[in-house]
Amino acid sequence: MPTTPATAAQISPETPSNGVQPSGDPAPIMLELVDEDGRTIGTAEKLAAHQAPGRLHRAFSVFLFDEAGRLLLQRRALGKYHSPGVWSNTCCGHPYPGEAPFAAAARRTFEELGVSPTLLAEAGTVRYNHPDPASGLVEQEYNHLFVGMVQAAPRPDPEEIEETAFVTAGELAERHATAPFSAWFMTVLDAARPAVRELTGPAGGW
């Protein structure tokens, strides 16, 4: 979606010397830190990795389309600490350390939207640095892109998603001009466009 940065070899001050979390305390969510070539170099706690100036970490972004070639957007839940209430792509998130990005993308899409993507395919990677002015957090990400189809009605988790919408390329342009979107949205969409066009065909307008 606070502790201090950690590596795979570090234990936070709140963790007992035996490395076991006390019962009832939620385990910290760890992200995979990478170098500029996407090679794993360690781990960091999720919020700490996003605190300015940010630490480069592995992420993924999913773009799912219906049979009419419309993109499924989500508006992030108002309760999220990072970029609440803004529109973004179908699903985005972070693999667990050691988890394959493809598996993470499929897993998280089902967790957030209650649907399993079909024809999910890799669409390259993109590296970016996007500060979020509202929260002060920074997205320093090495992002794995995926495109695919959705063939069932979304059942969004209200803890994660405020609302969803299917949009054509033209409708997206209109919405993007008037509604708030995530800082990373256009970067990941532009990087995924070749794969999107291959999936939806020239008539889709993407």
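Glu-141 is buried, yet has no salt bridge; Lys-46, the nearest side chain of opposite charge, is 8.8 Å away. Buried means under 20% relative accessible area, exposed over 50%, partly exposed in between, with a 1.4 Å probe and protein chains only. A salt bridge needs a side-chain nitrogen of Lys or Arg within 4 Å of a carboxyl oxygen of Asp or Glu. On charge, Lys and Arg count as positive, Asp and Glu as negative; His and the chain ends are not counted.

A word on the source. This is a predicted model: local features need pLDDT of at least 70, side-chain atom pairs count only at pLDDT 80 or more, and totals for chains, interfaces and linings use all residues. Residues are numbered from 1 along each chain as its sequence is written, and side-chain values use heavy atoms, with hydrogens and water left out.

Back to Glu-141. It sits in strand β8. Strands (E, at least two residues) and helices (H or I, at least four) are DSSP runs, numbered from the N terminus. Which side chains make polar contacts with Glu-141? His-94 does, at 3.0 Å. Tyr-128 does too, at 2.5 Å. A polar contact is a pair of N or O atoms within 3.5 Å; within protein, one must be able to donate a hydrogen and the other to accept it, and residues adjacent in sequence count only if both atoms are side-chain atoms. Glu-141 also touches other residues, among them His-50, Leu-56 and Val-126, leaving aside those up to four places away in sequence. Contact here means heavy atoms within 4.5 Å.

Now the rings. The whole structure holds three aromatic pairs. Phe-65 and Trp-206 are edge-to-face, 5.5 Å centre to centre, with 75° between the planes. The criterion: rings of Phe, Tyr and Trp (its six-membered ring) pair if their centres lie within 6.5 Å; planes under 30 degrees apart are stacked, over 60 edge-to-face, the rest tilted. Phe-65 is in strand β3 and Trp-206 in the segment after α4, so this pair ties together parts 141 residues apart in sequence. Phe-65 is buried at 0% relative accessibility. Trp-206 is buried at 5%.

Next, Phe-102 and Phe-146. Their ring centres are 5.8 Å apart and their planes at 75°, so this pair is edge-to-face. Phe-102 lies in helix α2 and Phe-146 in strand β8, so parts 44 residues apart in sequence are tied together. Phe-102 is partly exposed at 36%, whereas Phe-146 is buried at 2%.

Last, the backbone. Ala-52 and Pro-53 are joined by a cis peptide bond, omega about 5°.
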